[in-house]
Amino acid sequence: MVPRKSVLLFLQADFFVHQLRNKMGDFMSYDHKAIEKRWQTYWDEHKTFKTAPETSGKPKYYVMNMFPYPSGQGLHVGHPESYTATDIMARFNRMRGFNVLQPMGWDAFGLPAEQYAIKTGHNPADFTNENIKHFKKQVKSLGFSYDWDREINTTDPEYYKWTQWIFEQLYKKGLAYEDEIMVNWAPDFPGGGIVVANEEVIDGKTERGSYPVYRVPMKQWVLRITKYAERLLSDLDDLDWPEAIKEQQRNWIGKSTGAAVFFKVDGKSDYQVEVYTTRPDTLFGASYMVLAPEHDLVDKITTSECRADVDAYKAKIASKSDLERTDLNREKTGAFTGAYGINPVNGEKIPIWIADYVLSSYGTGAIMAVPAHDTRDYEFAKKFDLPIRQVIKGGDISKEAFTGDGTHINSAFLDVLDKKQAIEKIIDWLEEHDAGHKQVNYKLRDWIFSRQRYWGEPIPVIHWEDGKQTLVPESELPLRLPHLNQDQMKPSGTGESPLANAKSWLEVTRQDGVKGRRETNTMPQWAGSSWYFLRYIDPHNDKVLADPEKLKYWMNVDLYVGGAEHAVLHLLYARFWHKFLYDLGIVPTKEPFQKLVNQGMILGTNHEKMSKSKGNVVNPDEIVDSYGADALRVYEMFMGPLTQSKPWSTESLAGIRRYLDRVWRIFTSDGDGINPIIVSENDHKLDKIFNQTVKKVTEDYAAMRFNTAISQMMVFINETFKAEKLPKKYMNAFLQLLNPVAPHITEELWQRMGHQETIAYATWPTYDESQIIEKQIEMAVQINGKVRAKINTPVDISRDELAKMATDNPDVKKQVADKNIVKIIAIPGKIINIVVK
RNA sequence: GCCGUUGUGGCGGAAUUGGCAGACGCGCUGGACUCAAAAUCCAGUGGUGGCAACACCGUGUGGGUUCGACUCCCACCGACGGCACCA
């Protein structure tokens, strides 16, 4: 027993020595905690990144991120990714002489705060401010060069005053209106149900929480975004945005060109059904019609024999959620109304059905069915045994609908024509006979703008007892949220907003004694984020939303970075508000964001999306603590192209930290001052690599290719380890190149190199092209496309000389000895290819 | 089903205009230092065959254009994201 115990003790002692030496090893690398704290404090105290006035005479550069929702969970590793990307652009352009505006703020309205308040009795405002404090501390620990004097918070009354003000302008122009419309009602949503916007419905369920959505009629506030559909679509073309996002917006707006056609109802001449079709050329093939079950005419035209069936069908549809209604594998269903429509082009009587495959919200909610040439109509006709009449040659109508182009048949004056010609001709005919006209349609629907919630901007409207409705006067804005206690905030169960419980806030009396009630719905979270990029420009202005002169100088945003999940919601709403403000003459540009970049997702080490349940979440706080903010920043930029998804690797992160240690060591040689081999004279050994590095890093930053910029800086440091002397000028310039990615360590070393001022405004280094171009280069000689030899040639050699040099090469001679040279391709500086047979 | 993105070593990725595929990093292997290890520094590292010089194969698959293709064209397969009865 005794010996074993002593062995154990010995092993333990050895282990401690091991630990101690590791600790000492750490001292050999740089002390990121002290350095990062020191420079963050310095930047704060000196307001280093305060934006210069508009009168500075410098060109402007406005760069921003999609501001975060300050959740209680704090930062995840995706935040530093996009924030570092913009910070590099901000710091890079600052050194290049731009006046840089890089702000940060908080998108702080939202459901979690309200739900937390209901659960715990805390005030959502206090809770939100706590979260912001925590978030801000985390963000600050990463050393981003924000102008913190411009910080904004959407829940601050001084901010939402202007959100409400914009709403009032929309109201005055008739673009904000209250309407009894079919809304997306999610009754199971915690807090007594909620109405959500069309954009917030995913697969028939709410985007947040996945609760089923039903279409029910309700009185709601709606913004007339459809009025801007065409401009929202066509102005996309000039934007420097990812094609995927532009395409998603185009699809969402969903423009289509076709025709409206009027069908009289047989025997009821006061009624006519207007249908929308993109294929008016197939009018002769229409064999029945379909109305959406909710269509106004249904009750009016249904015959008494069919009424029971129709009512039963309508009742069945009403009880279904959107998800059930849109299940594609579901069989087509419908009911016959007993009525007939008259085809204007040939006077034929065709039956009118109702079916839920026709949507009340698109077009006119009614269609003419051409089963021979439309897949959906074909399925329906087969199911209910309705006639199928071919009017275009092609396909096999006995098997499936033919939707392609072809020659028209059985179509009187359209016969022989193709699709395009036939469409033109039938539209002319319809217009001549008052039976229809050309029509453009959009899938885009108006923006359902009210939410039955407490924690949002109050809609500044008063409903008076005499039936009138007025805006809260602009001079009384902001209309502040009243304080509610825990009980008052609880859901009413009727779908009404908790604000209905704020009696003293709710009830108002006009000067003439008429009583009124405030609107109790609040705005959706998207309201505050639809214009915040304007407020950063002039965040403390209490007279106007922002000074027009300042807007003129700063707009529009030169670079906007954020996640692709906002492809339609936020980005479409923000464009809509911006265009509206443009029309009012408030903003000088048609579009808010000239260039948009979506950062890719950072996945877990297992290549899967990070999630708590998978246990693959990386916490940035822990990385900053053990590796440092600089290492995290450099690593996240080195992982791969910004726009791509890429998996996390702690080993690779450690490699980046080793690189920063190497940088530290080459500058300090682990002493107190700087490495003695850094000297004023230049032995020219590093000329080429230095100039190459400046060139590549400058170009790569400008194109946001951060991973390759970093790899070039690694190559440079590898070269310095082989050098005997390091020119001071080059080493200073290197610090500037690295600074945008790793700002703390470079400030520290910059100071050690003897500078008194921050590195942030040092003029960006230039390179000498002549130092990069070589006089003598190695060129590959290919034989039949395969590299068989390498030769050294002067760079300015002629084509013929080059060909001769190649064929004179002994290796080449050996290879071609018994073959015929057919052709020699010789391009100086590129390649030599000898084609032989 | 439609639209978009994407496919390169053991892994992350590079190759800017059609011109030497695999820069840089991770990992791995070997060496120096050390009593030993860690750290650090140096070197090697696509696969197969060969002592070697070298040869052959190699950028999702199959074809094509070209003196030459990761790159351009056609067809297909897989992964990711979005839309989804929009007439």
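Helices are taken here as DSSP runs of H or I of at least four residues, numbered from the N terminus. In this predicted model, Thr-302 lies in the loop that joins α9 (298-301) to α10 (307-318). Since buried denotes a relative accessible area under 20%, Thr-302, at 5% relative accessibility, counts as buried. The Thr-302 side chain comes to 2.5 Å from the backbone oxygen of Val-298. Leaving aside residues up to four places away in sequence, the contacts of Thr-302 are with Lys-268, Arg-307, Val-310 and Thr-337.

Helix α20 (residues 629-638) packs against helix α23 (residues 706-720) at an angle of about 115 degrees, and the two axes are 7 Å apart. On the α20 side, the contact is made by Val-634, Met-637 and Phe-638, which meet Phe-706, Asn-707, Ile-710, Ser-711 and Met-714 of α23. Six of the residues in this contact are nonpolar and two are polar, with no charged residues.

Helix α21 comprises 19 residues, 650-668. Its span from first to last C-alpha is 27 Å, close to the 27 Å expected at 1.5 Å a residue. The buried residues of α21 are Leu-653, Ala-654, Ile-656, Arg-657, Tyr-659, Leu-660, Asp-661, Val-663, Trp-664, Ile-666, Phe-667 and Thr-668. In an α-helix, residues three or four places apart point the same way, because there are 3.6 residues a turn. After α21 comes Ser-669, with a positive phi near 55 degrees.

Conventions: Residues numbered from 1 in each chain as written. Chains lettered and ligands numbered in written order. Predicted model: local features only at pLDDT ≥ 70, side-chain atom pairs only at ≥ 80, totals over all residues. Heavy atoms only, no water. Axes fitted to C-alpha atoms, helices over the stretch in contact; angles between N-to-C directions. Helix = DSSP H or I, 4+ residues; strand = E, 2+ residues; numbered from the N terminus. Contact = heavy atoms within 4.5 Å. Nonpolar A, V, L, I, M, F, W, Y, C, P; charged D, E, K, R; others polar. Buried < 20%, exposed > 50% of the residue type's maximum accessible area, 1.4 Å probe, protein only. Polar contact = N/O pair within 3.5 Å; in protein donor to acceptor, adjacent residues only side chain to side chain. Expected span 1.5 Å × (residues − 1).
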